[in-house]
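Please have the sequence and the structure open while reading.

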Amino acid sequence: MKKLLLLSAVALTTALTASAQDVVATIHADQGKNIINKEIYGQFSEHLGSCIYGGLWVGENSPIPNIQGYRKDVFEALKALKVPVLRWPGGCFADDYHWMDGIGPREKRPSLRNNNWGGTIEDNSFGTHEFLNLCEMLGCEPYISGNVGSGTVKEMAQWVEYMTSDGDTPMARLRRQNGRDKAWHVKYFGIGNEAWGCGGNMTPEYYSNEYRKFNTYLRDQGENRLYRIASGASDYDYNWTKVLMEQIGNRMQGVSLHYYTCSGWEGSKGSAINFDNDQYYWALGKCLEIEDVIKKHKAIMDEKDPEGKVGLLVDEWGTWWDEEPGTIPGHLYQQNALRDAFVAALSLNVFHKYTDRVKMANIAQVVNVLQSMILTDQEGTGHMVLTPTYHVFEMYTPFQEATWLPLDLESEVMQVSKAYFKEKANARDAGYRPCPLLSASAAKTQDGGIVLAVTNVSLDKDQTIDFRLDGYTAKAVSGRILTSKRVDDYNDFQHPDKVAPREFKDAKLKKNVLTVKVPAKSLVVLTLH
């Protein structure tokens with residue numbers, strides 16, 4: 001494996017002008033075992049900025065076209081994405097949220113100050129009914145994050161009863177009074193969020209005891225069975241996972257993990273659209289570091305839970321850049337460039353590989369916040385745009401519930417020097433952050449075909465890859481490509497399709513070898529039959 005060392009911007013230019021070489025890879029189509037859980041394509045909707053209000057929800061009386069109060073264009077875009085699971089109401093907001101404030105007649109609901117995100121005053125018009133009804137309409141599983149930090153055991157227990165009891169219980173009667181006769185199906189329930197930080201600044205030992213206490217009173221109602229999720233670690237905190245596995249163990253069905261990508265230099269997260277080549281490769285290297293993080297958390301879980309009963313849920317991940325100039329502080333509104341699309345693709349490829357333990361992932365966040373699928377205008381004119389990240393998720397939908405296939409692929413590696421970032425960078429190695437230029441993932445779909453995703457993140461080097469198909473005979477191939485002239489290109493309301501998929505024709509089959517010519521800075525998704 002050839003490694004390219006980057007010590008300066010000058011070295012970068014020299015390295016990337018090297019001549020392209022053909023790459024040989026192998027797809028082991030007869031060795032697939034693990035199903036890629038569709039929940040890996042989960043979304044996250046927090047009361048943060050305009051994710052909920054102006055993003056998902058505008059209300060029935062809005063001049064913006066809506067379906068029962070949900071933005072029609074956003075709803076239809078999410079429906080097309082086949083969203084499998086949606087997390088709500090946070091995030092940090094979850095441990096400030098008291099669910100009873102968000103039920104009953106909307107005009108009588110009390111307002112609240114969003115203490116975590118800009119001090120915005122919210123009217124609670126989007127609450128339990130609005131969220132769970134949206135999930136039903138989208139056909140996705142709801143994932144509720146309960147309030148441990150400022151809530152009570154009684155409050156959380158009553159919320160579960162309100163949502164899921166079909167009996168003649170006090171909370172079920174209250175739900176019926178509020179217009180919903182039948183209980184909702186609620187599978188995923190998080191007992192707190194980021195308990196190590198905004199969820200209470202707890203130690204793992206203290207949180208484990210809190211979890212055990214809260215969990216005791218979260219009773220399954222009727223036929224509804226909760227999948228109970230513990231508030232897990234932030235990226236490299238392996239001790240947190242160790243303590244939870246020891247002290248909570250099989251009382252949880254899942255444990256969360258949060259991991260964000262940023263440029264991380266000079267105390268700044270970096271701009272979403274103004275970055276140089278070094279920052280580009282550095283960010284992609286940081287993104288790919290999630291594989292090592294997952295492996296280390298997984299090793300701890302494998303030791304304590306060799307049968308794999310507890311799932312690892314990466315329920316917050318994605319890019320976190322500086323807020324766009326001129327936007328409301330604390331609302332975390334950021335643009336979304338082709339670079340973000342690569343972060344999404346590279347991360348999903350990693351999740352596929354560890355689907356035996358990674359049971360869910362929720363990108364942050366679905367609309368208008370961080371690495372979102374959708375941006376809506378901030379002036380109330382009703383404009384909407386799909387981001388490059390949205391297109392990745394749409395192109396990757398065939399991977400949902402497909403069988404992951406082992407794949408051998410060697411790649412040149414770009415390495416960005418830690419020295420470039422003047423000791424402000426959070427590198428987890430001896431001074432360099434590696435970034436392989438090629439990434440790929442393959443899976444056998446339920447109809448017997450193969451889906452293959454190939455990403456070439458090189459800024460100016462095309463790659464020709466010969467994929468040998470072991471244990472599979474393909475007769476036809478088709479696909480699409482996502483690329484643009486520049487990696488900082490993005491979609492806005494004036495240019496909504498600047499970065500969008502188009503048909504890809506540079507894939508050829510011959511004697512069971514698939515030859516793919518992958519342009520620089522592009523993502524290609526192919527289907528074979």
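## Sheets and cores

Strand 26 and strand 27 (residues 513–518) run antiparallel and are joined by four bridges. The model is a predicted one. Within this pair, alanine 507 has valine 516 of strand 27 as its bridge partner. Both strands belong to an open sheet of five strands with mixed pairing, in the order 18-2-23-27-26. Its edges are strand 18 (407–408) and strand 26 (507–510), each of which pairs on one side only.

A barrel is also present: eight strands close in the order 3-6-9-10-11-12-13-14, with parallel pairing. On average, neighbouring strands of this sheet are turned by 30 degrees against each other, direction ignored. Helix 6 (residues 204–216) packs on the sheet and touches strand 10 (188–191) and strand 11 (227–234). The direction of helix 6 makes about 165 degrees with that of strand 11.

| Strand pair | Direction | Bridges |
|---|---|---|
| Strand 26 and strand 27 | antiparallel | four |

The largest nonpolar core has 125 residues, and Tyr207 and Tyr396 have the most contacts inside it. Helix 10 (residues 338–353) supplies the largest share of this core, 10 residues. Beyond its neighbours within four places in sequence, tyrosine 207 has contacts that include Ile191, Ala230, Trp240 and Leu244. A second, separate core of 26 residues includes Ala29, Ile481, Phe504 and Val524.

Methods:
Residues numbered from 1 in each chain as written. Predicted model: local features only at pLDDT ≥ 70, side-chain atom pairs only at ≥ 80, totals over all residues. Heavy atoms only, no water. Pairing = 2+ DSSP bridges. Helix = DSSP H or I, 4+ residues; strand = E, 2+ residues; numbered from the N terminus. Axes fitted to C-alpha atoms, helices over the stretch in contact; angles between N-to-C directions. Contact = heavy atoms within 4.5 Å. Core = buried A, V, L, I, M, F, W, Y, C linked by side-chain atoms within 4.5 Å. Buried < 20%, exposed > 50% of the residue type's maximum accessible area, 1.4 Å probe, protein only.
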